[in-house]
Structure formats: C-alpha cells, structure tokens
Amino acid sequence: MSGHSKWHNIQKTKGAADAKRAQAFTKIAREMIVAVKEGGSGDPKNNMRLAAVITKAKAANMPNDNIKRTIEKALGNGDTSTFESVTYEGYGPGGVAVIVEAMTDNRNRTASEVRHAFDKYNGNLGAANCVSWSFDRKGVIVVDNEDDELDEETVLRHGGRRR
C-alpha cells in the first residue's frame with residue numbers, strides 16, 4: 001500500500017473545500033467594495049447595501065477580520081483596485097430583451113466576455129438603453145449553485161430545472 005496515506009486524502013479534500021471558500025470570499029469582498037464606494041460609507045448602519053453584503057458574508061462564514069479589512073480597503077486604507085458596476089443590454093435567442101448587471105475591475109474584459117456569452121447563445125449585445133425602456137426594476141433573480149449541481153447549459157436552457 002505504498003503511496004497511499006490518510007493525510008494525502010485529507011489534504012486533497014481540504015484543498016478543494018478551501019478553494020471553494022476562497023472563491024466565495026473573493027466574490028463577497030468585491031460586492032463589499034462596490035457597496036462602500038456607491039453607498040459612501042463604511043458603516044453598515046448608514047449603508048443598507050453594505051449591511052446586506054455583511055449579512056451574506058457572515059452566512060458564508062467569512063471571518064470578521066476579512067470583513068473589516070475589506071471595508072478598510074474600500075475606504076482607501078489599502079490597495080486601490082477599483083470595482084464598479086456596469087450594465088449591458090442586448091437581445092437573446094428569439095429576440096428576448098436581456099439586461100446584464102456585472103461587477104468588474106476591467107470594463108473591456110467584461111464587455112468581451114458578455115459579448116461572447118451573447119454570441120454563444122445566438123444573441124447580440126446592443127447599444128446603451130436599447131432594451132432598458134421596456135423594464136421596470138422589480139427584484140433580483142439569484143441562482144443558488146454553491147454545491148455545483150447546475151452548469152451553465154442547464155440554467156440557460158431549462159431555467160435551472162433538471163429534466
């Protein structure tokens with residue numbers, strides 16, 4: 001049985017779980033930075049969007065030190081990388097109007113990725129305000145995929161329902 005060890009198996013499992021957590025923490029940190037920049041305050045009592053993101057971070061078991069460090073970074077006490085919210089509009093398959101809201105630190109890269117997604121599914125990216133006139137903001141659709149059950153094809157073709 002040479003080459004097999006319990007520690008190696010634990011290390012492999014723990015490494016995969018840690019990578020998932022790190023990815024979730026990074027996404028939440030970006031949301032926090034945008035919330036602070038747009039809300040103008042690092043105090044959750046004065047910034048409702050920040051309060052919502054902090055609740056999300058605590059639900060994901062993000063350490064308090066990471067939360068504080070991210071808020072300080074957003075206020076300018078650390079790295080100056082800037083994340084911003086951008087909106088893209090276009091038409092999906094069958095001429096369906098689509099609005100994509102994204103968070104990015106590089107507008108050009110995000111625009112090309114969104115354009116690629118539209119092209120991949122026989123849609124096209126439109127000009128600013130080409131479809132927004134037909135929408136009223138009513139809510140947000142969130143696809144919960146933390147356990148990686150869904151893939152991109154399933155969500156786009158079946159609305160997340162398995163067939």
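Two strands are taken to pair if DSSP finds at least two bridges between them. On that basis, this predicted model contains an open sheet of 3 strands in the order β2-β1-β3, and the pairing is antiparallel. β2 (97-104) and β3 (124-125) are the edge strands, each with a single partner strand, so one side of each has no neighbour in the sheet.

**Confidence**

- Over the protein chain the mean pLDDT is 81, and 83% of the residues reach 70 or more.
- Helix α2 (residues 48-59) has the highest confidence, at a mean of 89, whereas helix α5 (residues 152-158) has the lowest, at 67.
- Where pLDDT is low, the predicted coordinates should not be read in detail.

**Pairing within the sheet**

- β1 and β2 are joined in the antiparallel sense over 8 bridges.
- Tyrosine 91 has asparagine 124, in β3, as its bridge partner.
- In a regular strand, side chains alternate between the two faces of the sheet.

**The helix across the sheet**

- Helix α4 (residues 107-120) lies across β1, β2 and β3.
- The direction of α4 is at about 25° to that of β1.

**The second largest pocket**

- The second largest pocket holds about 180 Å³ of space.
- Its lining consists of Phe25, Thr26, Ala29, Arg30, Ile33, Met62, Asn66, Arg69, Thr70, Lys73 and Phe83.
- Helices α1 (6-39) and α3 (64-77) each supply at least two residues of this lining.
- Of the contributors, α1 gives the most to the lining, with 5 residues.
- By residue class, the lining of the second largest pocket divides into 5 nonpolar, 3 polar and 3 charged residues.

Definitions and conventions: Residues numbered from 1 in each chain as written. Predicted model: local features only at pLDDT ≥ 70, side-chain atom pairs only at ≥ 80, totals over all residues. Heavy atoms only, no water. Helix = DSSP H or I, 4+ residues; strand = E, 2+ residues; numbered from the N terminus. Contact = heavy atoms within 4.5 Å. Axes fitted to C-alpha atoms, helices over the stretch in contact; angles between N-to-C directions. 1 Å grid on protein atoms, 1.4 Å probe; cavity = no way out; pocket = protein on both sides within 12 Å on 5 of 7 lines; lining within 4 Å. Points joined across faces, edges and corners; volume = space filled by probe spheres on them. Nonpolar A, V, L, I, M, F, W, Y, C, P; charged D, E, K, R; others polar. pLDDT = per-residue confidence, 0-100.
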